[in-house]
Amino acid sequence: MKILTHPTSSVDSTMMFIFVAAVLTMPIWLTPIGAAYPDLMQRFVIFGLFATGFNILFGLTGYLSFGHAAFLGIGSYTAVWSFKLLGMNPIPAAIFAVTVSGVFALVIGYISLRRSGIYFSILTLAFAQMCYAIAYSDLIGKFLGINLTNGETGLRVLADDPRMLDGVLTSGIDTSALTVNLFGLDLTHTWVWNGFQFNAGFYFCAFVLIIASYIAMRIFRSPFGLMLKAVKTNQNRLNYTGVNTKPYTLAAFVISGMYAGLAGALLCITDPLAGAERMQWTASGEVVLMVILGGMGTLMGPMLGAGIIKFSEQKFSTWGKPELHEFLAFIPDGIRDTVVSVASLFVGSGWHLTLGLVFMLIVIFLPGGIVEGGRRILMIVTGSNRRNRQIQAAAQAAE
Amino acid sequence: MDAIILQVLNGLEKGGAYALIALGLTLIFGTLGVVNFAHGALFMLGAFCAVIMRSLLTYEVATGEVEATAWGTEVAVTTPYVTQLFGEFGNTLIDWAVPVSILLTIPVMLIVGLVMERGLIRHFYKRPHAEQILVTFGLAIVLAELIKAQFGANPIPVPEPAALGGMADFSGIFGSEPGTITYPMWRFVYFLFSAFIILIVFCFLKFTTFGMVVRAGMEDRETVGLLGINIGKRFTFMFAISAMIAGLAGAMYTPIISPDYNIGMEFLVLSFVVVVVGGMGSLGGAVSAGFLLGLLQSFSAMNEVKAIIPGIDQIIIYLVAIIVLLVRPRGLMGRKGVMET
Amino acid sequence: MAILQVRNVNKRFGGLQALDDVNLSVEQGTIHAIIGPNGAGKSTLLNCFVGRLTPDTGSVMFNGKSLLEISPHEINQAGVSRVFQTPEIFTDLTILENVMIPTFAHRDGSFKVNWWPRVDKEAQTRDHAMSVLDEIGLADKKDIVASALSRGDKRRLEMAMCLAQDPKLLLLDEPTAGMSRADTNATIDLLKRIGKSRGITKVIIEHDMHVVFSLADKIAVLAQGAVIAEDLPENIKTDPRVKEAYLGEEAVA
């Protein structure tokens, strides 16, 4: 018998506090493991946001979308258009990205959610591939006779774009560098203190992530979240309980689409460029990997998964044989060459092989992901399993 | 008119490939109840199997003699080892290297399918569809990356068999001027081949007891289980057959598109759309939807159509899939109750 | 007053006349049993009440409102709850959550993005769910995951979920199927007890004669899709047509 104890609000507050502290001090504690580059940290945060949103759909309702990268791309394109038309401020860009991706999610979700199971997955995949093809060849732009996505080159901000609000919001500041700025604060700026790098763009993204995670936590613990979990376990029962499941799943779909759009907008902060490859189905697959690896349906899992994947990608994909030789220096010379040549399959350009293998192992042996693994270890260590059994024995005796 | 006939031929060849992959996907789904996202990887493996077999057949070894080149330097003379081993027969083998390597793909892919089913898929019969999708998706990544590690990311060109190469002139058949409707011979062969395989599979299911059990299993897995027929072994075999069909489809496709490690994924996405349009679990649906979408795709690639709606050829399949699923939620020939939850 | 009024309901499946001009009238606050041999159309009839099936002809009126052509959640929101033959519960969630969900559904209606409040701070809902669990006898297991329950407990949980909604009409599909004699008796007591103070009307489909005669205020007998008798239990016991169609069959068996 399994006993579930739910975190109380004070546990959640503590967790949230630790999380906020951990995110804000990332430039410090990531330095020893060599991951404190502003660019990489920003990716941790952005993909953590993307995965958190995806988890609201996949983790809670169980609907597996294979097309969420489309919303990431739509968010990016919208953000760049906001930069082009309104100016280099990230706030209108984020607001528009969330709105536009939300509208797209509403339409795509409304149609896709008429089906469930694999049909749903394929429908979302079809929509995403369609968005990709449309963006890659700028089909709508060609149709309308304007340059909407700028095709395979990608959309970027040009010097002669109107940027109407730039003069208003940042009077007296030179914005001709075309970098994103928050009311004059250049978001590509990095302060250095004792060798630690504090990047303005990273903190902007971190701030957004904290708010978004807090909202996700509220959703998880709310009656709305409970209904979404019920959709996953028994949709039939829920219908006969007087609940209309369609709007619930659609709401989850739209929320996760908005998270993806927001993540897409944040991707344009360091580099105001939107390309179609962001919408390819491999990108949709990646966010599934992140959520599964971390633990679907858990609050922190997706963020953990996103961090691990982006970190390993950065590390492993840049490794080659020399690094491996150095890393495996403890192995005797004779066999080291063999070990290195085998290991080199898994690093550098072969990093996706490692990713695929790890992913398979997780799905086969630990469908609950890292969070579930951690929970099991914790249970063994604290012996809470035994305590649970005692509670169950008591419950059975009382029966 | 001529252009339309050409597009029909094009569509039949493309549709043939879609239909073959979709057929295997449906067989696996219908019998084993597993959603196999690694099916495209089997297509890719088949293609590379043919590449490997061909390079094995034409592998050259040094004879020990040296020869002077036109520039006066000396190089070692090499001859294919099959020539050394079998003499004249070896030379014939090399001339026929492409068809022979395609034939050799059959046993290899059967074994690959067997190992895959026994090693992985079997343990996922009872797991949720989402987990089946995920684990086979992971497997697809692994297989593609292994091929990339061995062969690199660039496509590997493969010639068609000499006897079946070149252009075929269909003008006479349609009563046009000679030379107006010419079409690559091998592509037409591909269509005939896919039609042939589909016919064999349908006959097999229709006229053999084995096929009858499989069909009954596709109708209702539980009932067949109750009959006491050892369905497990038959399903393993069915998986191997499906893997072989996908592999063969890939091997035969190598002269048409030079294979790279990613080819499987491209075909998989399209084939899944085909299966869903045809109706999950319906073999007839898979085949007809394969050809239908192949034809639609080639027609929408015509300049006359593209002039009206630019870029329609790139989105037509997805557009059709969305419309079909909205109008006929179970696909063209889908049955009630298949993959409803 | 009749709370559920079934008029001339017909349903065909291909060549099979599953329901043949069924008329039925269930009085407010009573326990109404529908019995009949296998394949008599009992489940088909029940499915017509909850929106799972739509009859070919006829009408199903609940409190003066038609239950046809509306979806299951609307029927439930109108006050009809159903207990299934194989328990339909939320297996991944705890017992308490299982009962809180219908409570929320009763309070918030069929859809509400109620994302800000915490479930564990919803004291009223929680208390209501706990009182129902107390009534049904599952209160001490409230934090156990539903999948871990025994079959009998799962069925009791499903009853609790239905009761939590304060339904006007409770439909039960063979509530004692597969139970031991002792469990059956416990369920009979439970069914007599629950919701009595609130005057919940119950319609029970049942095979077991013992259950039917110890519970029902009125019994309808279904055979080959048609109602052959609808009367008080004591009259049903002596009705020759019923004996022939149903009891006779059992006596032969």
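Modeller: A word on angles before the packing. Under 35 degrees counts as roughly parallel, over 145 as roughly antiparallel, 65 to 115 as roughly perpendicular, and the rest as oblique. This is a predicted model, so local features need pLDDT of at least 70 and side-chain atom pairs count only at pLDDT 80 or more, while totals for chains, interfaces and linings use all residues. Residues are numbered from 1 along each chain as its sequence is written, with chains lettered from A and ligands numbered from 1 in the order in which they are written.

Start with the interface between chains A and B. Chain A gives 37 residues to the contact and chain B gives 34 (residues are in contact if their C-beta atoms, placed from the backbone, lie within 7 Å). On the chain A side, α6 (117–136), α7 (139–144), α13 (281–294) and α17 (351–365) each supply at least two residues (helices are DSSP runs of H or I, at least four residues, numbered from the N terminus). The largest share, twelve residues, comes from α6(A). By class, this side has 24 nonpolar, ten polar and three charged residues (Ala, Val, Leu, Ile, Met, Phe, Trp, Tyr, Cys and Pro count as nonpolar, Asp, Glu, Lys and Arg as charged, and the others, Gly among them, as polar).

Now follow α6(A) to its partner. α6(A) packs with α11(B) at about 130 degrees, and their axes are 10 Å apart (axes are lines fitted to C-alpha atoms, for helices over the stretch in contact, and angles run from 0 to 180 degrees between N-to-C directions). The two helices are therefore oblique. α6(A) passes α11(B) in a left-handed crossing (left-handed if the near helix is turned anticlockwise from the far one by less than a right angle, right-handed if clockwise). From α6(A) come A:Tyr119, A:Ile122, A:Leu125, A:Ala126 and A:Gln129; they meet B:Val269, B:Phe272, B:Val273 and B:Val276 of α11(B). Eight of these residues are nonpolar, one is polar and none is charged.

α11(B) also packs within its own chain. α11 (residues 263–278) and α12 (residues 283–300) of chain B have axes that come within 8 Å and cross at roughly 120 degrees. This pair, too, is therefore oblique. Here α11(B) makes a right-handed crossing with α12(B). α11(B) contributes B:Val274, B:Val275, B:Val277 and B:Gly278; α12(B) contributes B:Gly285, B:Ala286, B:Ser288, B:Ala289, B:Gly290 and B:Leu293. That contact has six nonpolar residues, four polar and no charged.

Methods
Two residues are in contact if their C-beta atoms, placed from the backbone, lie within 7 Å.
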